[in-house]
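Please open the model in your viewer and keep the selection panel at hand.

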Amino acid sequence: VDGPVIDLSSPLPLLDSDDLVLDGYDCAGCGAVSENTNEPADGFNLQIGPTIDGSGLSSAEPLLSIDADNVQVRGLNLRNGPAAAVSVDGDDNVIEGCLIGTDRDGLTAAPNQVGIEVLDDEGTVIGPYNVISGNLDEGIYLGGDNPDFGEIVGNLIGTDITADAALGNGGHGIEAWGPGGSSVLRYWDVGDGTTSGANIISGNGESGIYHFRRVSTWDVLGNSIGTNGANTEAIPNGEYGVRLEGDSGSDRVPRYTDFEDNVISGNTLAGVYATDCRDADFVRNFVGTDPTGLLDLGNGEEGFYLLSLSEDHLEDFTIGGYTEVDANTIAFNAGDGVRLRRDGSQQNRNNAVLINTYYGNGGLAVDLEAASSGDGPGDPGPGGCGNDTSYGNRGASEPVINTALIDGADLTIAGTAC
């Protein structure tokens, strides 16, 4: 834990030279330093290099500002900054193996205003093996001039270094603030579907992942959102696991994001909350439970809550798949498993709730809710079809099951559906 501390009284120079490596693990005067050898789920065992401390800065400047390409920052403890710990404006930069917003032990908050902000250009890689926790606002903020083609892999975002206790950022774990005009903030991967690339995004004051306005074409693969690294206990995000939110105007909505093989459990409100946005697919996720499906790690409200308000339609979501292989497990949530509601001028329509597994939820498995009443479908009644836009999912009502017959290993269900 001991090591050199650089106490800043004025901002460091801008990093504006390409192909620079700032490597805290290559530090002759730092004592014992070593890189992490653990999976994120097990917490990190790194021994950090130098500390850069911004407690003495009087102006709100980042601790490190990158305005160049192919810069690597690794093995640093970045703490107590009055703005972002790292601000990125360049192509193909990498931040890995750092403690950002914590003390040198990774157990105690030493907050920056923001952990990492990425403001422009392409190809930023955040990870692996950063602890981005304890910051006052967002752990990771993506915005500005629409940085594209980035990766966030193998980090602890909102937990301490053990991945077993909360050390939350005050805002969202990851916030993507899309533009208000015609451009798009697009092509980011959060996790890569492997255990070494999984992010633990838990314990944050607001939501684990937040998309606002024109955020497009993300893959969110194999992360834990609202639990510890082992997926055995809840470490709730203070709002939702995932929040997708549109804005007023023409097509100012999140879209085209795939969520696959994540655990989205233990969060204070719904696991997934979406308003006025479109085209998100959810397959093979565990929402309210762990990957065994046995543990009660229910979210505090619904598993999924899809809500159309007054900004844009909520449409073209897919929850589950056409075979059991792509089913989500939606269990133990305090409210409905999946809730669809219209409560504004825009429509909730064309959403496919396919094959999923539901059990132990406090409400209905799938609730198509009328705007003017409580749980249950609006008019038309069970088994009916219509095009009345005053309630969830544009006229689809709940199916009617007439018979369910078991013959050996086969279950045959007959009924009617819209």
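How many bridges join strand 28 to strand 32? Strand 28 (residues 304-308) and strand 32 run parallel and are joined by five bridges; strands are DSSP runs of E of at least two residues, numbered from the N terminus, and two strands pair if DSSP finds at least two bridges between them. The model is predicted, so local features need pLDDT of at least 70 and side-chain atom pairs count only at pLDDT 80 or more, while totals for chains, interfaces and linings use all residues. Residues are numbered from 1 along each chain as its sequence is written, and side-chain values use heavy atoms, with hydrogens and water left out.

Select residues 338-342, which form strand 32. Five of its five residues are buried, that is, under 20% relative accessible area with a 1.4 Å probe and protein chains only, where exposed means over 50% and partly exposed lies in between. In a regular strand the side chains alternate between the two faces of the sheet. On one side of strand 32 are Val338, Leu340 and Arg342, and on the other are Arg339 and Arg341; both faces are covered. Next, display Ser308, whose bridge partner in strand 32 is Arg342. Strand 32 also pairs in the parallel sense with strand 36 (residues 366-369), over four bridges; the partner of Leu340 there is Leu368.

Now select the eleven strands of the open sheet, in the order 2-5-8-11-14-17-20-23-26-30-34, with parallel pairing. Its edge strands, strand 2 (21-23) and strand 34 (352-353), each pair on one side only. Two bridges link strand 34 to strand 30 (residues 318-319) in the parallel sense, and Thr318 has Ala352 as its bridge partner.

**Backbone stops in loops**

Most residues other than glycine have a negative phi, and most peptide bonds are trans. Move to Asp316, in the loop between strand 29 (314-315) and strand 30. Phi of Asp316 is near 65°, a positive value, and this residue is partly exposed at 29% relative accessibility. Asp279 likewise has a positive phi, of about 55°, and is found in the loop between strand 25 (272-275) and strand 26 (280-283). Then select Gly127 and Pro128, which are joined by a cis peptide bond with omega of about 5°. Pro128 lies in the loop between strand 11 (125-126) and strand 12 (131-132).

**Last selection**

Finish at Asp67, in the loop between strand 4 (64-66) and strand 5 (72-74). Asp67 is partly exposed, with a relative accessible area of 40%.
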